[in-house]
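Reader: I like to know which cut-off stands behind each word in a structural description. Could we go through this one together?

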Amino acid sequence: MKTINIQGRNFSKIICGTNPFYGHSHFSEARNTEYLNRFTDDYITEMIQFCLSKGINTVESCANERIVEIISAVKRESPLRFIGTTRLDETSPMKSHQQKLGFLLEHQADICVIHAQFVDRPRSADDIHGLQRLIEQVHQQNVLVGISTHRISTVELCERKQYGVDLYLFPFNLSGYVYPGYEGQETVEARRQLILRTPKPFVLMKVLASGRIPPQEGLPFVLDNCKPNDLITLGMGSLGEAEECLSIIGKHMEKTVSEEK
């Protein structure tokens, strides 16, 4: 698996996403229940270990006590990087972004990502109130900091204000899907152009539109339309799905290298 160096730290091009671990399919209640039943602690551990065997050295998750405990146990046996976000949801009693940021720093996340719930809030001024302070808090611990955002305008604002963001977690797929009920009007091409013209790395999410796009269509599209220093976080609903997706990615990467030669 190709690795991407971000300020002296190597992260696998493909990252193990964790939404299925929490029963978050963004598809249907039936699939949510399926994921909740499947992803026991043992199955989550098996999924992470499978990803490690395929060269994936990074897991991305919200700050969550259960998942961080599993990640910590795996890290005792194998090197593993952790990208943590401050997303607030029902899976944890932590109810503020500041609290989650402190938790991520305490548990040695390699990258702390401030979630869209914080940065995409309605704002009246040309500023994201409180963001600079949180970024400085992370950087003081010699940890990389990112933001998760659904909006092109938020990335553009962060670049214009030079907040010091190290990378962006950002949705990108061939259909333009973001999440059920999303009201933004960004086109797929506008998202692609933003990714390509912004030098900083992106961690691209929702690449299969939460199961709405077949892997053999969605994965090559994203791989072909991102920068060499961008990463892809991929939530995989089973070991079989993981094997299929990683096989598609591997074959596509091999083909791309062959064509470049």
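This is a predicted model: local features need pLDDT of at least 70, side-chain atom pairs count only at pLDDT 80 or more; totals for chains, interfaces and linings use all residues.

Reader: Why is Thr85 called buried?

Author: Buried means under 20% relative accessible area, exposed over 50%, and partly exposed in between, with a 1.4 Å probe and protein chains only. Thr85 has a relative accessible area of 3%, so Thr85 counts as buried. Thr85 is found in strand β5 (residues 81-85); strands are DSSP runs of E with at least two residues, helices are runs of H or I with at least four, and both are numbered from the N terminus.

Reader: Leaving aside neighbours within four places in sequence, what is Thr85 in contact with?

Author: Contact means heavy atoms within 4.5 Å. With those neighbours left aside, the partners of Thr85 include Glu60, Lys100, His115 and Leu169.

Reader: And what makes Ser210 buried?

Author: Its relative accessible area is 15%, and therefore Ser210 is buried. Ser210 sits in the loop between β9 (202-205) and α9 (215-224). Beyond four places in sequence, Ser210 is in contact with Ser25, His26, Phe27, Arg31 and Tyr177.

Reader: Now the helices: what are the angle and the distance for α2 and α3?

Author: The axes of α2 (residues 41-53) and α3 (residues 65-75) come within 10 Å and cross at roughly 50°. Axes are lines fitted to C-alpha atoms, for helices over the stretch in contact, and angles run from 0 to 180 degrees between N-to-C directions.

Reader: Why is α2 called oblique to α3?

Author: Angles under 35 degrees count as roughly parallel, over 145 as roughly antiparallel, 65 to 115 as roughly perpendicular, and the rest as oblique. The crossing at roughly 50° therefore makes α2 oblique to α3.

Reader: Which residues of α2 and α3 meet?

Author: Asp41, Ile44, Thr45, Ile48 and Leu52 in α2 meet Arg66, Ile67, Ile70, Ile71 and Val74 in α3. They divide into 7 nonpolar, 1 polar and 2 charged. Here Ala, Val, Leu, Ile, Met, Phe, Trp, Tyr, Cys and Pro count as nonpolar, Asp, Glu, Lys and Arg as charged, and the others, Gly among them, as polar.

Reader: What makes α9 oblique to α10?

Author: α9 and α10 (residues 239-260) pack at about 45°, with axes 10 Å apart. That angle makes α9 oblique to α10. On the α9 side, the contact includes Leu219 and Leu223, and on the α10 side Ile248 and Met253 are among the residues. The contact divides into 8 nonpolar, 3 polar and 2 charged residues.

Reader: How do you know that β1 and β2 pair, and in which sense?

Author: Two strands pair if DSSP finds at least two bridges between them. β1 (residues 3-6) and β2 (residues 9-12) have 4 bridges, in the antiparallel sense. Thr3 stands opposite Ser12, and the two strands form a hairpin with 2 residues between them.

Reader: How many bridges join β9 and β10?

Author: β9 and β10 (residues 231-235) pair over 2 bridges, in the parallel sense, with Val203 opposite Leu231. In the barrel, 8 strands close in the order β3-β4-β5-β6-β7-β8-β9-β10, with parallel pairing. The twist averages 25° from one strand to the next.

Note on methods. Residues are numbered from 1 along each chain as its sequence is written. Side-chain values use heavy atoms; hydrogens and water are left out.
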